[in-house]
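Subject: The structure we talked about

Hi there,

Here is the structure I promised to pass on. Have a look at it first, and then read on for my notes.

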Amino acid sequence: MDDLDQRLLSILRHDGRRAISDIAAELALSRATVRARIERLEQRGDIIGYTVVLRADAVAMPVRGLTMVEVEGRMLDPVVDALVGFPEIGAVHTTNGKWDLILEIAAQSLTDLDGVLRRLRMVPGITASETNLLLATPRSSRARL
């Protein structure tokens, strides 16, 4: 994947429905070249699909954090299943090292975040957690409105 493909993917990440003619103009390429590159990226599996970003997904909650979670023994699957019921948890990642899971959490206020963390600690199988607040996000590949 060359620099031009990287620039093309960056444009598509921010607006997957952008007209090929607009992308071609921004990259100073022909429409046929842009179309061919997109098709090649799809065929190679670099682009595996397109999605819709809802306003609720794109508007960042004012209080965000990463919570590292330690899970007891063989309780990982039941804990992950329980976390599905937390609308404040945007993503659950398994990891290695001291922590078993890393959660992306968002809330309207510190008080709301405290409530989420209290509920989280009550999930059977969670033995410890540590939360770090996210102060700023200088760079992200998520869609912007």
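Below is what turned up when I went through it.

Before anything else, please keep in mind that this is a predicted model.

Let me begin with the nonpolar residues. The largest nonpolar core is made of 17 residues, and Leu83, Leu103 and Leu120 have the most contacts inside it.

Leaving aside residues up to four places away in sequence, Leu83 touches Ile89, Val92, Leu101, Leu103 and Leu120. As general background, nonpolar side chains in soluble globular proteins tend to be buried together.

**Where α1 meets α3**

Next, turn to the pair α1 and α3. At what angle do their axes cross? The crossing is at roughly 85 degrees, and the axes come within 11 Å. An angle from 65 to 115 degrees counts as roughly perpendicular, so α1 is roughly perpendicular to α3. On the α1 side the contact is made by Leu4, Asp5, Leu8, Leu9 and Leu12, while α3 brings Val34, Arg37, Ile38, Arg40 and Leu41. By type, the residues of this contact are 7 nonpolar and 3 charged, with no polar ones.

**Salt bridges**

How many salt bridges does the structure hold? The count is 7. One of them joins the side chains of Arg37 and Asp5, with 2.6 Å from N to O. Arg37 sits in helix α3 and Asp5 in helix α1 (residues 3-14), so this bridge links distant parts of the chain, 32 residues apart. Both partners are buried: Arg37 has a relative accessible area of 17%, and Asp5 has 2%.

Asp5 also forms a salt bridge with Arg40, where the closest N and O atoms are 3.1 Å apart. Because Arg40 lies in helix α3 and Asp5 in helix α1, this pair ties together parts that are 35 residues apart in sequence. Arg40 is partly exposed, at 29% relative accessibility. Asp2 joins in as well: Asp2, Asp5, Arg37 and Arg40 are linked in a network of salt bridges.

Another bridge to look at is the one between the side chains of Arg44 and Asp46, at 2.4 Å from N to O. Here Arg44 is partly exposed, with a relative accessible area of 44%, and Asp46 is partly exposed too, at 36%.

**A backbone detail**

Last, a note on Ala28. Its phi is near 60 degrees, which is a positive value in a residue other than glycine. Where is Ala28 placed? Ala28 is in the loop between α2 (20-27) and α3 (31-44). Is Ala28 buried or exposed? At 67% relative accessibility, Ala28 counts as exposed.

Happy to go through any of this with you on screen.

Best wishes

Note on methods: Residues are numbered from 1 along each chain as its sequence is written. This is a predicted model: local features need pLDDT of at least 70, side-chain atom pairs count only at pLDDT 80 or more; totals for chains, interfaces and linings use all residues. Side-chain values use heavy atoms; hydrogens and water are left out. A nonpolar core is a set of buried Ala, Val, Leu, Ile, Met, Phe, Trp, Tyr and Cys residues joined through side-chain atoms within 4.5 Å. Buried means under 20% relative accessible area, exposed over 50%, partly exposed in between (1.4 Å probe, protein chains only). Contact means heavy atoms within 4.5 Å. Helices (H or I, at least four residues) and strands (E, at least two) are DSSP runs, numbered from the N terminus. A salt bridge is a side-chain nitrogen of Lys or Arg within 4 Å of a carboxyl oxygen of Asp or Glu. Axes are lines fitted to C-alpha atoms, for helices over the stretch in contact, and angles run from 0 to 180 degrees between N-to-C directions. Angles under 35 degrees count as roughly parallel, over 145 as roughly antiparallel, 65 to 115 as roughly perpendicular and the rest as oblique. Ala, Val, Leu, Ile, Met, Phe, Trp, Tyr, Cys and Pro count as nonpolar, Asp, Glu, Lys and Arg as charged, and the others, Gly among them, as polar.
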